Amino acid sequence: ASVKRTFERDKKELLRFGVPIETRLDGEGQPTLYTIARTNFYLPYVALVAPPHGRGTAPRNGKVDRFGYHAVRALAFEPDELAVVADAAARVRSLGDPLLAADAVSAMRKLAFDLPVGATAPVDEPHVVSPRAEPNANVFAVLGDALRDRKRVTFDYHAIGSDATARRRVEPYGLFFLNGHWYLAGRDEERDAPRNFRLSRMTGVERNTAKESTPDYAIPADFHLRDHARSRQAWELGDGDAVEAEVEFVRGTGAVTAAAKLGAAVDGHPARRRFVVRRMDAFARWLLSFGGDVRPLSPDALVAEWRDQAARTLALYKDVAAEGARS
């Protein structure tokens with residue numbers, strides 16, 4: 001039994017690495033034999049070609065088997081194609097995910113092994129700026145494994161709203177990148193509700209190790225990570241309880257009209273909208289960006305935060321003006 005568990009673990013690791021394993025029948029007709037074809041997982045020879053030699057090499061007979069391009073013996077890039085690959089790898093390295101960055105570096109190193117010096121250098125174009133606080137590589141590794149195996153995770157989380165750190169127990173639904181930060185979407189078991197957690201505020205991340213081969217939970221069928229991430233605003237990404245805020249849109253400029261569409265209508269008040277808010281500070285900053293054309297009506301905590309931020313901003317500019325007058 002111990003040998004079988006070890007074998008199944010090793011087989012699972014090979015599959016995770018992308019090594020295709022074929023199952024075959026033994027002499028008694030049972031699927032107990034496994035084979036690995038070297039040509040199905042070794043990298044093809046890479047070459048750099050120039051027009052008019054044509055595009056990259058396709059599989060023989062124009063067919064792609066179930067292993068994709070694993071069996072391709074040679075792959076040719078034109079200079080412009082390789083430039084796109086190199087630029088994409090550079091952008092991946094700038095996203096703030098240390099695991100993705102390491103994978104991108106490894107991939108380009110493999111390409112550069114066969115190609116001329118400098119062929120894999122990225123093009124000189126604007127790039128994505130890294131977030132101010134990058135999450136720890138171990139956080140990505142643990143969360144990625146937990147997502148793949150559907151295992152619960154626990155971690156210490158520093159909530160920016162309350163400025164407090166607490167141990168959280170979460171069922172991971174997915175990871176997404178938004179506004180320069182990585183977030184974990186998942187069900188907070190204590191609150192029994194979906195929450196978003198910024199990875200850079202996590203420490204001590206651990207996955208549940210009980211019953212390793214058995215999933216702890218199932219992601220709801222109606223949850224779609226792409227739609228979930230697209231619908232998020234900065235004020236919706238807090239981990240605290242959501243509150244309903246009512247806002248009045250004073251003027252009808254283009255920016256104000258577009259902003260109003262993000263909220264829900266208020267019956268009998270066409271100039272007002274309702275918003276679901278988890279972070280008062282972020283929402284107040286957004287309202288202030290409209291220069292008085294948008295103002296909060298409720299709750300009282302939001303109104304107080306908005307006024308406090310306005311007062312501190314005004315004081316800052318007064319200090320700058322006074323310094324300028326002295327100079």
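Modeller: Helices (DSSP runs of H or I, at least four residues) and strands (DSSP runs of E, at least two) are numbered from the N terminus, and Lys-211 lies in the loop between strand E9 (202-207) and helix H5 (225-230). This is a predicted model, in which local features need pLDDT of at least 70, side-chain atom pairs count only at pLDDT 80 or more, and totals for chains, interfaces and linings use all residues.

Biologist: Why is Lys-211 called exposed?

Modeller: Exposed means over 50% relative accessible area, buried under 20%, and partly exposed in between, with a 1.4 Å probe and protein chains only. Lys-211 has a relative accessible area of 67%, so Lys-211 counts as exposed.

Biologist: What makes the contact between Asp-188 and Arg-168 a salt bridge?

Modeller: A salt bridge needs a side-chain nitrogen of Lys or Arg within 4 Å of a carboxyl oxygen of Asp or Glu, and here the N to O distance is 2.9 Å, so the pair qualifies. Asp-188 belongs to strand E7 (residues 181-188) and Arg-168 to strand E6 (residues 164-178), so the bridge ties together parts that are 20 residues apart in sequence.

Biologist: How do you know whether these two partners are buried or exposed?

Modeller: The relative accessible area is 1% for Asp-188 and 5% for Arg-168, so both count as buried. Asp-188 also forms a salt bridge with Arg-191, at 3.3 Å between the closest N and O atoms, and Arg-191, with 33% relative accessibility, counts as partly exposed.

Biologist: What makes a group of residues a nonpolar core, and which residues have the most contacts inside the largest one?

Modeller: A nonpolar core is a set of buried Ala, Val, Leu, Ile, Met, Phe, Trp, Tyr and Cys residues joined through side-chain atoms within 4.5 Å. The largest has 19 residues, and those with the most contacts inside it are Phe-249, Phe-275, Phe-283 and Trp-286. Helix H7 (280-288) is one of the elements that supply at least two residues each, and H7 gives the most, with six residues.

Biologist: Why is Phe-17 called exposed?

Modeller: Phe-17 has a relative accessible area of 62%, so Phe-17 counts as exposed, and this residue lies in the loop between helix H1 (2-16) and strand E1 (22-24).

Note on methods: Residues numbered from 1 in each chain as written. Heavy atoms only, no water.
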